[in-house]
Amino acid sequence: MIGIDGKTAVVTGAGQGIGRDVALALASYGADVAAVDVNETGAGGTAALVREAGRDSAAFRCDVGDAADVERCVREILAWRPVVHFLVNNAGIARDNLLVRMSDAEWESVIRVNLTGTFNVTKAFSRSMMKNRFGRIVNVSSIIGVMGNAGQANYAASKAGVIGFTKAVAKELAGRNVLVNAVAPGFIETAMTAALPEERKEWMRQQIPLGRFGSGKDVAAVALFLLSDLGSYVTGQVIHCDGGMVMS
Ligand SMILES: NC(=O)c1ccc[n+]([C@@H]2O[C@H](COP(=O)([O-])OP(=O)(O)OC[C@H]3O[C@@H](n4cnc5c(N)ncnc54)[C@H](O)[C@@H]3O)[C@@H](O)[C@H]2O)c1
């Protein structure tokens, strides 16, 4: 197999969207999953789906932006499973506005969840991964963090921050066989993008060489590769999953 079977994964923002698809993809390859989300009902729904798929799963309510809450949650997860092999930092929010209209609250909330949340959860698991001499971490960034986007200064800054964080931590942890990579999705059909006006969506579709929006399953496939043995010589990388929208 590809080294997923029988291992334990933690997925944040697992209550819906990309996080749920990542959790189910991991389960389909034989991993047990801790489904972490600020939305307890969503996390519980994902855990139930993973169990239906034949793997063990538990739901954990946690606000990744709150360091104390993360510490508590990670203690509970490590009591459930003392060895965590995979971490997917997927929890994220958007609060779009033009810079001149962006409130401090819009700026701070997005940085807090997307960037500080990734820091909090990674820091909390890295010690035990280093001790175990094994770990695979995938951080969900965005092509917006690479190319920018009008109306998303907060989101772009947070996702660019995730990329820098990924590279720095990849260098720190490589010696302990803990690999850290990022996936940068393009336009993925989830609740986050559902609210965009049709005209805007059509304009975006025209910017995608493959001519279609992505799904959570497309992102999950890249995460699976990076977590599996197939990706064991890959660290500090940012893999775009965007239908060819950004080529670098
Ligand atoms: N949908 C896209 O087009 C797209 C593109 C690029 C990147 N992304 C990124 O992918 C990730 C998932 O996005 P999605 O489209 O599935 O969004 P979504 O809104 O459908 O799901 C996000 C999940 O994160 C959870 N969450 C939010 N704040 C949290 C917090 N403080 N603590 C814990 N959980 C929290 C939500 O409850 C929700 O279950 C995000 O990081 C997002 O920025 C999405």
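Reply: Let us begin with Gly19, which counts as buried because it has 29 C-beta neighbours inside 10 Å. The general idea is a count: a residue is buried if 20 or more other C-beta atoms lie within 10 Å of its own, exposed if 12 or fewer, and partly exposed in between, with C-beta atoms placed from the backbone. One caution: this is a predicted model, where local features need pLDDT of at least 70 and side-chain atom pairs count only at pLDDT 80 or more, while totals for chains, interfaces and linings use all residues. Residues are numbered from 1 along each chain as its sequence is written.

Me: Where does Gly19 sit, and which residues does Gly19 touch?

Reply: Helices (H or I, at least four residues) and strands (E, at least two) are DSSP runs, numbered from the N terminus. Gly19 belongs to helix α1. Contact means that two C-beta atoms, placed from the backbone, lie within 7 Å. Not counting residues up to four places away in sequence, Gly19 touches Val11, Thr12, Gly13, Ala14 and Asn90. Glu71, by comparison, is 52 residues from Gly19 in sequence and 21 Å away in space, C-alpha to C-alpha.

Me: Which residues come nearest to the ligand?

Reply: A residue is near a molecule if its C-beta atom, placed from the backbone, lies within 6 Å of it. There are 30 residues around the ligand, and Gly13, Gly15, Gly17, Gly92 and Thr190 come nearest. Helices α1 (17-28), α4 (104-132) and α7 (191-194) each supply at least two residues of this shell.

Me: How do I read the overall fold?

Reply: Start with the elements: nine helices and seven strands. The radius of gyration is 17 Å, close to the 18 Å that the globule rule gives for 248 residues, so the protein is as compact as a globular protein of that length. That radius is taken over C-alpha atoms, and the rule is 2.2 Å times the number of residues to the power 0.38. Of the 248 residues, 48% count as buried. Among contacts with a separation of 6 or more, 72% are between residues 24 or more positions apart.

Me: How can I check the length of a helix?

Reply: The expected span is 1.5 Å times one less than the number of residues. Helix α9 (residues 216-227) has twelve residues and should span 16 Å; its end C-alpha atoms are 16 Å apart, which agrees.

Me: Is α9 mostly covered or mostly open?

Reply: Mostly covered: nine of its twelve residues are buried, including Val219, Ala223 and Leu227. In general, an α-helix has 3.6 residues a turn, so residues three or four places apart point the same way. The cover over the buried residues of α9 includes α1, β4 (86-89), β5 (135-140), β6 (178-185) and β7 (238-241).

Me: What is a nonpolar core?

Reply: It is a set of buried Ala, Val, Leu, Ile, Met, Phe, Trp, Tyr and Cys residues joined through C-beta atoms within 7 Å. The largest one here has 70 residues, and Ala35 and Ala223 have the most contacts inside it.

Me: Which residues have a positive phi without being glycine?

Reply: Two examples are Arg133, at about 55 degrees, and Asn177, at about 60 degrees. Arg133 lies in the loop between α4 and β5 and counts as exposed, with 10 C-beta neighbours inside 10 Å. Asn177 is in the loop between α6 (153-173) and β6, and is partly exposed, with 15 other C-beta atoms within 10 Å.
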